[in-house]
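Please work through each task before reading its solution.

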Amino acid sequence: MNTKKEQAIQDTISSFQLMADLVLKQLSLIEKAMLASEQSEQDLVISDINKNEIEIDRLEVEISDKFINSIVLYQPLASDLRKLVAIYRMTLNLERIGDLVMNMSYGLDTIGRSDEYRVMSDVILSMFQSGRIMVEKSLLSFVNGDQDFAIWTIKNDAVVDEMNNKLLANTISRSGLDSKTRDMLLSYIDIKNIITNIERIADHATNIAEATIYSLQGTDVRHSGFEKNET
């Protein structure tokens, strides 16, 4: 590999790693916001999330440009091309995870102190932590070249989906919590939106894991890969 080509690919990987680290930080921050006992504490965390989102968007554009330039200028060989394509796919998913964290922060700002959210907060947090672990393992699978982590992430997507369904049913079953039915139902809608964002984070973690397998094997398992309900 010539020096310029090698440097171009390494620059793309470095920018991707920065973006991945920042998205993982966002996930940690939104978890901190979910655990915050005071509104002022939550507001400070959400402020940090907003600032980081600007940098995530910038990195997404930067990586896209580097991806295109690397291919056009250096015409990388198959193994390097697979890695670059995998990085590009993962970048798109990381950017979407960042957007979903933002959506969650808006939801917390709206209903984070409601009685309905307090009742369900432990279950919501547990579900979120499952999604966060999926993102972490999917990224580790790429960085460490560990296919087992990628396979684990894909199979565990169904677990988070099932938690979503059970959580919604549980919320509905507790619909008599508050005599102010209208306010309560509105709060439940906001809660469902947060839950949906967590599920989508897990979906994007699965996409990242699938991109890792493509990078390592050249095999596209997006539509015909591993059974997600296996353990």
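**Exercise 1.** At what angle do helix α2 and helix α3 pack, and how far apart are their axes?

*Solution.* The model is predicted: local features need pLDDT of at least 70, side-chain atom pairs count only at pLDDT 80 or more, and totals for chains, interfaces and linings use all residues. Residues are numbered from 1 along each chain as its sequence is written, and side-chain values use heavy atoms, with hydrogens and water left out.

Step 1. Helices are DSSP runs (H or I, at least four residues), numbered from the N terminus. Axes are lines fitted to C-alpha atoms over the stretch in contact, with angles from 0 to 180 degrees between N-to-C directions.

Step 2. Helix α2 (residues 39–74) packs on helix α3 (residues 78–111) at about 160°, and their axes lie 9 Å apart. α2 is therefore roughly antiparallel to α3 (an angle over 145 degrees; under 35 counts as roughly parallel).

Step 3. By class, their contact has 15 nonpolar, eight polar and seven charged residues (Ala, Val, Leu, Ile, Met, Phe, Trp, Tyr, Cys and Pro are nonpolar; Asp, Glu, Lys and Arg charged; the others, Gly among them, polar).

**Exercise 2.** Determine how α1 and α3 are oriented to each other.

*Solution.* Step 1. The axes of α1 and α3 come within 10 Å and cross at roughly 20°. The two helices are therefore roughly parallel to each other.

Step 1. The contact of α1 with α3 has 18 nonpolar, four polar and three charged residues.

Technical notes:
Angles under 35 degrees count as roughly parallel, over 145 as roughly antiparallel, 65 to 115 as roughly perpendicular and the rest as oblique.
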